[in-house]
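Please describe how this chain is put together.

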Amino acid sequence: MLSFHRETFIVFEESRVQILAILNEKKAEYILNESSSYRPIKIMIKQLSEDTDPQDIVEDLSSRGYVVNRISQMRNYKLKMLLPMFLLEIKKTGNCKNIYNERNICYFRTKIETYRRKTKAMICYNCSGFYHAARNCHLKPKCIKCGGEHATRDCKIKGKLPVPKMRKLR
Ligand SMILES: [Zn+2]
Ligand SMILES: [Zn+2]
């Protein structure tokens with residue numbers, strides 16, 4: 001989906017690449033909306049062994065028809081140890097929803113859960129707008145720190161901004 005001059009276009013996957021090329025060529029300003037049909041399913045596989053090779057997990061799931069986009073093992077940074085939990089991105093294809101019913105992966109009795117990132121208000125580091133990521137943003141940059149016409153990461157002001165004080169509501 002494309003939001004363009006406040007109009008929203010639904011773009012089919014086949015024409016998506018061409019349309020994006022045209023928009024980029026014209027240097028149009030737009031925000032790309034990653035519709036949920038493109039977004040992979042994020043799951044957490046629990047109760048594997050911490051020694052499980054991620055490649056074995058990928059192969060096991062591929063043999064059942066799943067397409068694994070990404071896999072990473074969870075770790076505890078403080079204790080510097082790997083955990084028996086793996087975070088996966090599964091491509092949305094025909095049978096992908098069955099993944100939640102898989103109980104046996106790499107010979108372990110596993111548990112699969114939806115992975116939920118703790119939700120935070122998302123701020124775009126390109127245009128300072130809300131609810132989209134900078135990677136999808138093709139609007140004119142606007143700096144969060146100084147309001148200038150550049151992305152926040154390119155700002156001359158280094159370091160964090162002071163946390164805004166909470167105002168009392170009456
Ligand atoms: Zn933006
Ligand atoms: Zn700036």
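Which residue in β6 does I71 stand opposite? The residue is L88. The model behind this report is predicted.

## Overall make-up

The chain holds two helices and nine strands. Their order along the sequence is β-β-α-β-β-α-β-β-β-β-β.

Of the 170 residues in the chain, 10% are buried. Contacts between residues at least 6 apart in sequence were also sorted by separation. Among these, 51% join residues at least 24 apart.

## The four-stranded sheet

Four strands make an open sheet, and their order is β5-β6-β4-β9. The pairing is antiparallel. At the edges lie β5 and β9, the latter spanning 111-114. Each of these edge strands pairs on one side only. On average, neighbouring strands of the sheet are turned by 30° against each other, with direction ignored.

Strands of a sheet pair through backbone hydrogen bonds, in either a parallel or an antiparallel sense.

## Pairings of β6

Strand β6 covers residues 81-90.

## The hairpin and the helix across it

β5 and β6 form a hairpin. Four residues lie between the two strands. One residue in the turn, K80, has a positive phi of about 50°.

Helix α2 takes up residues 54-63 and lies across β5 and β6. The helix runs at about 140° to β5.

## A loop residue: Y107

Where is Y107 placed? Y107 sits in the loop between β7 (104-105) and β8 (108-109).

Is Y107 buried or exposed? Y107 counts as exposed, because it has 11 C-beta neighbours inside 10 Å and the cut-off for an exposed residue is 12 or fewer.

Y107 can also be placed relative to L48. The two residues are 59 apart along the chain. Their C-alpha atoms are separated by 8.7 Å.

## Summary

An open sheet in the order β5-β6-β4-β9 is described here. Helix α2 lies across β5 and β6. Y107, in the loop between β7 and β8, is exposed.

Notes
Residues numbered from 1 in each chain as written. Chains lettered and ligands numbered in written order. Predicted model: local features only at pLDDT ≥ 70, side-chain atom pairs only at ≥ 80, totals over all residues. Pairing = 2+ DSSP bridges. Buried ≥ 20, exposed ≤ 12 C-beta atoms within 10 Å, placed from the backbone. Axes fitted to C-alpha atoms, helices over the stretch in contact; angles between N-to-C directions. Contact = placed C-beta atoms within 7 Å.
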